[in-house]
Amino acid sequence: MKQLIRFLSAFFLALTLLTAVGCASTQKHEATGEYVDDSIITSKVKAAILNEPGLNSAEINVETFKGIVQLSGFVSSSADINKAVTLTRDVGGVKSVNNDMKLK
């Protein structure tokens with residue numbers, strides 16, 4: 001009976017450690033919590049761009065990884081690029097903005 005309890009204890013400890021390691025963040029992989037945070041940031045940036053008159057949100061792609069937002073796509077003017085970058089920087093949780101937008 002003692003051996004069974006020891007085995008089960010060791011098994012559950014190993015399972016817990018593997019689960020924790022599986023959810024950990026690496027340089028190229030996000031932890032579950034980071035992924036959720038990045039999804040929220042992406043949604044907030046898209047909403048800010050959508051609510052801005054003059055910006056065509058369908059032309060601006062937004063991706064977030066570990067709080068770093070990448071904007072890409074084609075826009076009509078340099079003013080649109082500047083406005084999109086400014087709106088993105090104002091969103092909570094954004095660490096930095098990578099601007100890959102191009103003029104049409």
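## Basis of the model

The model is predicted, so local features need pLDDT of at least 70 and side-chain atom pairs count only at pLDDT 80 or more, while totals for chains, interfaces and linings use all residues. Residues are numbered from 1 along each chain as its sequence is written, and side-chain values use heavy atoms, with hydrogens and water left out.

D38 belongs to helix α2, residues 32-50 (a helix is a DSSP run of H or I with at least four residues, a strand a run of E with at least two, numbered from the N terminus). D38 is buried, meaning under 20% relative accessible area with a 1.4 Å probe, protein chains only. It has no salt bridge (a side-chain nitrogen of Lys or Arg within 4 Å of a carboxyl oxygen of Asp or Glu), and K95, the nearest side chain of opposite charge, is 7.2 Å away.

The side chain of D38 does, however, reach the backbone nitrogen of K66 at 2.6 Å, and one of its polar atoms lies 2.9 Å from the backbone nitrogen of G67.

Three strands form an open sheet in the order β1-β2-β3, with mixed pairing (two strands pair if DSSP finds at least two bridges between them). Because β1 and β3 stand at the edges with a single partner strand each, one side of each is left without a neighbour in the sheet. The strands β1 and β2 run antiparallel and are joined by 6 bridges, and F65 stands opposite I68 in β2.

Note on methods
Buried < 20%, exposed > 50% of the residue type's maximum accessible area, 1.4 Å probe, protein only. Lys, Arg positive; Asp, Glu negative; His and termini not counted. Polar contact = N/O pair within 3.5 Å; in protein donor to acceptor, adjacent residues only side chain to side chain.
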